[in-house]
Amino acid sequence: MTTYTARPIEPSVLKELRTTDDAGRPMTPVTDEEGGAPLRCCLRRSEPGERIALVSYAPLRRWAAEAGAEPGAYDEQGPVFIHAEECPGPDLDGHPFANAHRTVRRYSADGHILGGELVGAPDDAAFQNAFDDPSVALVHVRAVEYGCFLYEVRRA
């Protein structure tokens, strides 16, 4: 079985988001007093006292620009937490944010939604199921409760 890797937001994109997010707003860092925010830069939950920011991110738009796709109305942006300063990135063992139900949303090579699946937790079987469809180019793992983007997985 293929192992599918969670992709954090790329360092070059994080640098841009820390200046101006995908909605055109400047970053506003805060000290996270409680911890627990799902950080998309390192794919872990924040610790109390860390400096983080909630920024607007358009993952499909950025992928489409790289892939030459035209997602049209499927181009969306939403809130994501990131470290306010550069961090070392993920140190993954398994799939992040697997402690709750998630949606594995499927996208075609032209950036259109092909469907999704509610999973108990994201795992290689869920990604294999998505990529068994040859028209699936990438998937987004999203939180069920808010629909927020957590991370991307691309075809191996």
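Two residues are in contact when heavy atoms of the two lie within 4.5 Å. In this predicted model, Val119 touches His101, Arg102, Val104 and Ala126, leaving aside residues up to four places away in sequence.

**Overall fold**

- The protein chain contains three helices and nine strands.
- In sequence order, these elements follow the pattern α-β-β-β-β-α-β-β-β-α-β-β.
- The radius of gyration is 15 Å, close to the 15 Å that the globule rule gives for 156 residues, so the protein chain is as compact as a globular protein of that length.
- Taken along the principal axes, the box filled by the C-alpha atoms of the protein chain is roughly 45 × 30 × 25 Å.
- Among contacts with a separation of 6 or more, 61% are made by residues 24 or more positions apart.

**Burial, surface and charge**

- Buried residues make up 43% of the 156 residues in the protein chain.
- The protein chain exposes about 8000 Å², and 50% of this area is supplied by carbon and sulfur atoms.

- Val119 belongs to strand 7, which covers residues 113-119.
- With a relative accessible area of 7%, Val119 falls under the 20% cut-off and therefore counts as buried.
- Arg102, one of the residues that Val119 touches, is also buried, with a relative accessible area of 2%.
- Val144 is 25 residues from Val119 along the chain, and the C-alpha atoms of the two are separated by 9.7 Å.

**Salt bridge between Arg44 and Glu50**

- The whole structure holds 13 salt bridges, one of which joins Glu50 to Arg44 with the closest N and O atoms 2.7 Å apart.
- Glu50 counts as buried at 16% relative accessibility, whereas Arg44 is partly exposed at 31%.

**Salt bridge between Arg154 and Glu66**

- Arg154 pairs with Glu66 in a salt bridge whose closest N and O atoms are 2.8 Å apart.
- Because Arg154 lies in strand 9 (residues 149-154) and Glu66 in helix 2 (residues 59-67), the pair ties together parts that are 88 residues apart in sequence.
- Arg154 is partly exposed, with a relative accessible area of 22%, while Glu66 is exposed at 57% relative accessibility.

**Salt bridge between Arg102 and Glu145**

- Arg102, a contact of Val119, forms a salt bridge with Glu145, and the closest N and O atoms of this pair are 4.0 Å apart.
- Arg102 is in strand 6 (residues 102-108) and Glu145 is in the loop between strand 8 (136-143) and strand 9, so this pair ties together parts that are 43 residues apart in sequence.

**Salt-bridge network**

- Salt bridges with shared partners join Arg7, Glu10, Glu66, Glu152 and Arg154 into one network.
- Two members of this network, Glu66 and Arg154, are the pair that links helix 2 and strand 9.

How values were computed:
Residues are numbered from 1 along each chain as its sequence is written. This is a predicted model: local features need pLDDT of at least 70, side-chain atom pairs count only at pLDDT 80 or more; totals for chains, interfaces and linings use all residues. Side-chain values use heavy atoms; hydrogens and water are left out. Helices (H or I, at least four residues) and strands (E, at least two) are DSSP runs, numbered from the N terminus. The radius of gyration is taken over C-alpha atoms; the globule rule is 2.2 Å times the number of residues to the power 0.38. Buried means under 20% relative accessible area, exposed over 50%, partly exposed in between (1.4 Å probe, protein chains only). Accessible areas come from the Shrake-Rupley method with a 1.4 Å probe; for residues, only the protein chains shown count as cover. A salt bridge is a side-chain nitrogen of Lys or Arg within 4 Å of a carboxyl oxygen of Asp or Glu.
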